[in-house]
Amino acid sequence: MACGQGQGYVGRDERAIGDIRRASESSSIGRHLQLHNTSISIFAVHAFMASDSMPLIFGLTVRSYTQWLTERVERLRINPKRNEDENYQELVQCIKDHQLIVEYSENMRPLISIALFVQYTTASLVMASSLVHLVTFADMVSGVTTTIYMISCMFQTFPISYICEQIVEDCELLSRAIFHSNWIGAPTAYTSALKYFIHRTQQPIQFIAGGVFLICLNVNIQVAKFAFSLTTFVQQMSVFENFDR
């Protein structure tokens, strides 16, 4: 009888210990999940704060490496101390570096596309609402401040538009530098690799915001046109006459 009671106590103790362990594990998992969620929240805040500067830094990085690669291409087969094998290896390294630039751009393309689409859309809506306020409700002081704010909205999207357009021009300059490099009299393997290289560089690095429009300086003009068109549409609908009444 005592033995049975002892086994019952042991069984209950084991179950209690198992419950405590499961509770501690669940609380530990909860702490890890809470820490994970906190880390994600901190990362999201920093990513949101850096969202405006991130495309600009990315574009400047691509431009710098493309220009550096162009300078290297212009020096191909100029050093008389190098033999043809060394010149060929240098050309192959240039091709590999260009491939790295393209892969880097392809990896960043979805993020850049979404971020800039949201930025352009937000800028156009903000400019449209600012125009409505400027035309309908603004006095002298409010009109000046609203105009300054609209100009700042335009300059928010101008740098990345300019850089993306310059990246396309840098790709064209790289292709021209390859064509005008010192390739006359080079071996067949060198000229074959050069043809492949120039074919790859003839496809410029371009970015499309949200898969809708190409990112360039013309986009800023289109954003301003959209803002004026939306303001004209709102005025023709006589939306704000009811507020005056």
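**A helical protein and its core**

Ser105 sits in helix H3, where helices (H or I, at least four residues) and strands (E, at least two) are DSSP runs numbered from the N terminus. This is a predicted model, so local features need pLDDT of at least 70 and side-chain atom pairs count only at pLDDT 80 or more, while totals for chains, interfaces and linings use all residues. Residues are numbered from 1 along each chain as its sequence is written, and side-chain values use heavy atoms, with hydrogens and water left out.

Back to Ser105: with a relative accessible area of 0%, this residue is buried. Here buried means under 20% relative accessible area, exposed means over 50%, and partly exposed is in between (1.4 Å probe, protein chains only). The Ser105 side chain reaches the backbone oxygen of Ile101 at 3.0 Å. Leaving aside neighbours within four places in sequence, Ser105 is in contact (heavy atoms within 4.5 Å) with Phe58, Val62, Ile205 and Phe207. Two of these names, Phe58 and Phe207, turn up again with Tyr104 in one aromatic cluster.

Zooming out, the protein has 7 helices and 2 strands, and from the N terminus on they run α-α-α-α-α-β-β-α-α. Of the 245 residues, 31% are buried. The accessible surface comes to about 16000 Å², and 63% of that belongs to carbon and sulfur atoms; these areas come from the Shrake-Rupley method with a 1.4 Å probe, and for residues only the protein chains shown count as cover. Among contacts between residues at least 6 apart in sequence, 80% join residues at least 24 apart.

What about the inside? A nonpolar core is a set of buried Ala, Val, Leu, Ile, Met, Phe, Trp, Tyr and Cys residues joined through side-chain atoms within 4.5 Å. The largest one has 41 residues, and Leu91, Tyr120, Phe197 and Phe207 have the most contacts inside it. Helices H2 (53-74), H3 (84-136), H4 (140-179), H5 (188-201) and H6 (217-236) each give two or more residues to this core, with the largest share, 11 residues, coming from H3. Take Leu91: beyond its neighbours within four places in sequence, Leu91 is in contact with Leu76, Tyr190, Ala193, Leu194 and Phe197.

Arg63, in helix H2, also counts as buried, at 17% relative accessibility. Not counting residues up to four places away in sequence, Arg63 touches Ile163, Gln166, Ile167 and Asp170. Ser129 belongs to helix H3 but is partly exposed, at 43%; its C-alpha atom is 8.8 Å from that of Leu230, 101 residues apart along the chain.

The aromatic rings give 6 pairs, where rings of Phe, Tyr and Trp (its six-membered ring) pair if their centres lie within 6.5 Å, and planes under 30 degrees apart count as stacked, over 60 as edge-to-face and the rest as tilted. Phe117 and Phe213 make a tilted pair, 6.2 Å centre to centre with 35° between the planes. Phe117 lies in helix H3 and Phe213 in strand S2 (residues 213-214), so this pair ties together parts 96 residues apart in sequence. Phe158 and Tyr162 are stacked instead, at 6.1 Å and 20°; being 4 residues apart in helix H4, they are separated by about one helical turn.

As for cysteines, Cys94 is buried at 0% and Cys171 at 5%. A search of the whole structure finds 0 disulfides, taken as cysteine sulfur atoms within 2.5 Å.

Terms used
A polar contact is a pair of N or O atoms within 3.5 Å; within protein, one must be able to donate a hydrogen and the other to accept it, and residues adjacent in sequence count only if both atoms are side-chain atoms.
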